[in-house]
Amino acid sequence: MSDRDTKKTNLEMTYKWNLQEAENYAKAFAALLSDEYFKNKLTINGGEILNLTESKQLNLLTIRELYDKWQTETERLKSPYFDFEQSEVKQALADFMNVLSRFILVNKDNFIPLLTKSTKKTLELYISPVSFFENLMRDLPDFKLTSEWLKNNGRFFKDYGWVLSEMLNRLSGLQFVYANQAIDWVKEIITDDKIDSRCR
(Lines give C-alpha, C1' and ligand atoms only; values in the text may rest on other atoms or scores of the structure.)
Protein backbone atom coordinates (compact mmCIF):
# COMPACT_ATOMS: atom_id res chain seq x y z
CA MET A 1 0.00 0.00 0.00
CA SER A 2 1.39 3.41 -0.97
CA ASP A 3 1.79 6.35 1.43
CA ARG A 4 -1.06 8.08 -0.37
CA ASP A 5 -3.37 5.07 0.08
CA THR A 6 -2.38 4.80 3.74
CA LYS A 7 -3.15 8.48 4.37
CA LYS A 8 -6.49 8.15 2.58
CA THR A 9 -7.42 5.07 4.64
CA ASN A 10 -6.41 6.82 7.87
CA LEU A 11 -8.52 9.85 6.97
CA GLU A 12 -11.53 7.65 6.18
CA MET A 13 -11.13 5.75 9.46
CA THR A 14 -10.79 9.01 11.41
CA TYR A 15 -13.89 10.41 9.72
CA LYS A 16 -15.92 7.28 10.48
CA TRP A 17 -14.71 7.36 14.07
CA ASN A 18 -15.72 11.00 14.32
CA LEU A 19 -19.18 10.16 12.98
CA GLN A 20 -19.63 7.50 15.66
CA GLU A 21 -18.39 9.91 18.32
CA ALA A 22 -20.79 12.56 17.02
CA GLU A 23 -23.67 10.07 17.19
CA ASN A 24 -22.80 9.13 20.79
CA TYR A 25 -22.37 12.75 21.81
CA ALA A 26 -25.65 13.80 20.14
CA LYS A 27 -27.63 11.11 21.97
CA ALA A 28 -26.10 11.94 25.34
CA PHE A 29 -26.48 15.68 24.85
CA ALA A 30 -30.11 15.44 23.70
CA ALA A 31 -31.05 13.18 26.62
CA LEU A 32 -29.32 15.43 29.17
CA LEU A 33 -30.77 18.66 27.82
CA SER A 34 -34.27 17.19 27.48
CA ASP A 35 -34.18 15.79 31.02
CA GLU A 36 -33.29 19.25 32.29
CA TYR A 37 -35.80 21.15 30.14
CA PHE A 38 -38.77 18.84 30.68
CA LYS A 39 -38.18 18.56 34.43
CA ASN A 40 -41.02 21.01 35.04
CA LYS A 41 -42.69 21.10 31.62
CA LEU A 42 -44.65 18.65 29.49
CA THR A 43 -44.11 20.33 26.10
CA ILE A 44 -41.87 22.77 24.23
CA ASN A 45 -43.07 25.34 21.68
CA GLY A 46 -41.41 26.95 18.66
CA GLY A 47 -40.19 30.06 20.46
CA GLU A 48 -38.69 27.97 23.22
CA ILE A 49 -36.89 25.75 20.69
CA LEU A 50 -35.37 28.84 19.04
CA ASN A 51 -33.91 29.85 22.41
CA LEU A 52 -33.18 26.39 23.78
CA THR A 53 -29.37 26.55 23.71
CA GLU A 54 -26.66 29.17 23.27
CA SER A 55 -26.03 27.73 19.81
CA LYS A 56 -28.41 29.59 17.49
CA GLN A 57 -27.43 27.18 14.71
CA LEU A 58 -28.40 24.11 16.73
CA ASN A 59 -31.75 25.69 17.60
CA LEU A 60 -32.42 26.50 13.93
CA LEU A 61 -31.51 23.00 12.75
CA THR A 62 -33.85 21.56 15.38
CA ILE A 63 -36.66 23.64 13.89
CA ARG A 64 -35.57 22.42 10.44
CA GLU A 65 -35.87 18.80 11.57
CA LEU A 66 -39.39 19.58 12.76
CA TYR A 67 -40.12 21.30 9.44
CA ASP A 68 -38.95 18.22 7.50
CA LYS A 69 -41.19 15.96 9.58
CA TRP A 70 -44.05 18.35 8.97
CA GLN A 71 -43.48 18.32 5.20
CA THR A 72 -43.55 14.51 5.18
CA GLU A 73 -46.79 14.46 7.15
CA THR A 74 -48.35 17.06 4.85
CA GLU A 75 -47.66 14.81 1.87
CA ARG A 76 -49.74 12.13 3.57
CA LEU A 77 -52.76 14.44 3.45
CA LYS A 78 -52.90 14.03 -0.31
CA SER A 79 -55.56 11.66 -1.55
CA PRO A 80 -56.29 9.97 -4.90
CA TYR A 81 -59.87 11.22 -4.55
CA PHE A 82 -59.10 14.95 -4.62
CA ASP A 83 -57.18 17.33 -6.88
CA PHE A 84 -54.41 18.78 -4.72
CA GLU A 85 -52.89 20.62 -7.70
CA GLN A 86 -55.73 23.13 -7.95
CA SER A 87 -54.61 26.64 -6.97
CA GLU A 88 -57.43 27.05 -4.41
CA VAL A 89 -56.46 23.79 -2.69
CA LYS A 90 -52.76 24.73 -2.70
CA GLN A 91 -53.56 28.14 -1.19
CA ALA A 92 -55.84 26.64 1.46
CA LEU A 93 -53.14 24.12 2.41
CA ALA A 94 -50.50 26.86 2.57
CA ASP A 95 -52.77 28.99 4.80
CA PHE A 96 -53.39 25.99 7.06
CA MET A 97 -49.65 25.31 7.37
CA ASN A 98 -48.92 28.97 8.14
CA VAL A 99 -51.45 28.97 10.98
CA LEU A 100 -50.21 25.63 12.30
CA SER A 101 -46.58 26.83 12.28
CA ARG A 102 -47.45 29.35 15.00
CA PHE A 103 -48.62 26.58 17.30
CA ILE A 104 -45.66 24.19 17.50
CA LEU A 105 -45.97 21.99 20.57
CA VAL A 106 -43.78 18.91 21.13
CA ASN A 107 -43.58 16.52 24.08
CA LYS A 108 -40.33 15.06 25.43
CA ASP A 109 -40.56 11.65 23.73
CA ASN A 110 -41.01 13.23 20.31
CA PHE A 111 -38.50 16.01 20.93
CA ILE A 112 -35.47 13.89 21.89
CA PRO A 113 -35.08 12.28 18.41
CA LEU A 114 -35.37 15.72 16.76
CA LEU A 115 -32.72 17.20 19.05
CA THR A 116 -30.44 14.18 18.65
CA LYS A 117 -30.54 14.47 14.86
CA SER A 118 -30.07 18.23 14.82
CA THR A 119 -27.14 18.01 17.26
CA LYS A 120 -25.39 15.47 15.05
CA LYS A 121 -26.01 17.62 11.97
CA THR A 122 -24.74 20.74 13.73
CA LEU A 123 -21.52 18.94 14.61
CA GLU A 124 -21.13 17.79 11.01
CA LEU A 125 -21.83 21.29 9.72
CA TYR A 126 -18.94 22.77 11.72
CA ILE A 127 -16.54 19.82 11.50
CA SER A 128 -17.08 19.01 7.81
CA PRO A 129 -19.25 21.64 6.04
CA VAL A 130 -18.59 20.24 2.55
CA SER A 131 -19.81 16.80 3.62
CA PHE A 132 -22.83 18.36 5.35
CA PHE A 133 -23.97 20.26 2.27
CA GLU A 134 -23.20 17.37 -0.08
CA ASN A 135 -25.52 15.18 2.01
CA LEU A 136 -28.13 17.94 1.91
CA MET A 137 -27.94 17.98 -1.90
CA ARG A 138 -28.29 14.18 -2.07
CA ASP A 139 -31.55 14.48 -0.11
CA LEU A 140 -33.11 17.05 -2.45
CA PRO A 141 -36.70 16.30 -3.54
CA ASP A 142 -36.50 14.58 -6.95
CA PHE A 143 -32.72 15.27 -6.83
CA LYS A 144 -33.41 18.82 -8.07
CA LEU A 145 -32.08 22.06 -6.56
CA THR A 146 -34.56 24.93 -7.00
CA SER A 147 -34.62 28.56 -5.91
CA GLU A 148 -37.70 27.77 -3.81
CA TRP A 149 -35.79 25.07 -1.89
CA LEU A 150 -32.83 27.41 -1.33
CA LYS A 151 -35.06 30.23 -0.05
CA ASN A 152 -37.04 27.92 2.23
CA ASN A 153 -33.89 26.38 3.73
CA GLY A 154 -31.73 29.51 3.88
CA ARG A 155 -33.54 30.68 7.01
CA PHE A 156 -32.27 27.66 8.96
CA PHE A 157 -28.59 28.60 8.66
CA LYS A 158 -26.81 31.22 10.74
CA ASP A 159 -23.09 30.92 9.95
CA TYR A 160 -23.40 29.05 6.65
CA GLY A 161 -26.33 30.87 5.07
CA TRP A 162 -23.85 32.36 2.60
CA VAL A 163 -23.43 28.92 0.99
CA LEU A 164 -27.09 28.78 0.01
CA SER A 165 -27.01 32.45 -1.05
CA GLU A 166 -24.12 31.77 -3.42
CA MET A 167 -25.92 28.71 -4.80
CA LEU A 168 -29.01 30.87 -5.36
CA ASN A 169 -26.89 33.35 -7.32
CA ARG A 170 -25.53 30.54 -9.51
CA LEU A 171 -29.04 29.24 -10.09
CA SER A 172 -30.23 32.63 -11.35
CA GLY A 173 -32.18 32.18 -14.59
CA LEU A 174 -32.34 28.39 -14.26
CA GLN A 175 -35.46 26.51 -13.22
CA PHE A 176 -33.37 23.90 -11.41
CA VAL A 177 -30.12 21.94 -11.49
CA TYR A 178 -29.69 18.28 -10.60
CA ALA A 179 -28.07 17.20 -7.34
CA ASN A 180 -24.76 16.22 -8.98
CA GLN A 181 -24.35 19.80 -10.30
CA ALA A 182 -25.32 21.19 -6.90
CA ILE A 183 -22.66 19.00 -5.22
CA ASP A 184 -20.04 20.37 -7.63
CA TRP A 185 -21.10 23.89 -6.65
CA VAL A 186 -20.74 23.01 -2.96
CA LYS A 187 -17.13 21.93 -3.53
CA GLU A 188 -16.38 25.14 -5.43
CA ILE A 189 -18.11 27.46 -2.95
CA ILE A 190 -16.91 26.07 0.39
CA THR A 191 -13.18 26.73 0.65
CA ASP A 192 -11.01 27.20 3.73
CA ASP A 193 -10.53 30.88 2.85
CA LYS A 194 -14.25 31.54 2.70
CA ILE A 195 -14.90 29.65 5.92
CA ASP A 196 -12.21 31.70 7.68
CA SER A 197 -13.57 35.01 6.41
CA ARG A 198 -17.29 34.35 6.83
CA CYS A 199 -17.56 32.05 9.87
CA ARG A 200 -15.33 33.75 12.43
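**View 1. K144 lies over the face of F176.** The distance to the ring centre here is 4.5 Å. A charge sits over a ring if NZ of Lys or CZ of Arg is within 6 Å of the ring centre and within 35 degrees of the ring normal. This is a predicted model, where local features need pLDDT of at least 70, side-chain atom pairs count only at pLDDT 80 or more, and totals for chains, interfaces and linings use all residues. Residues are numbered from 1 along each chain as its sequence is written, and side-chain values use heavy atoms, with hydrogens and water left out.

**View 2. R155 meets the ring of Y67.** Look for the charged end of R155: it sits over the ring, 5.1 Å from the centre.

**View 3. Y126 and Y160 pair up edge-to-face.** Their centres are 6.0 Å apart, with 70° between the planes. Rings of Phe, Tyr and Trp (its six-membered ring) pair if their centres lie within 6.5 Å; planes under 30 degrees apart count as stacked, over 60 as edge-to-face and the rest as tilted. Y126 belongs to helix α5 (residues 108-127) and Y160 to the loop between α7 (147-154) and α8 (161-171), so the pair ties together parts 34 residues apart in sequence. Helices (H or I, at least four residues) are DSSP runs, numbered from the N terminus. Y126 is partly exposed at 38% relative accessibility, while Y160 is buried at 2%. Buried means under 20% relative accessible area, exposed over 50%, partly exposed in between (1.4 Å probe, protein chains only).

**View 4. Six rings come together in one aromatic cluster.**

Key. Helices (H or I, at least four residues) and strands (E, at least two) are DSSP runs, numbered from the N terminus.
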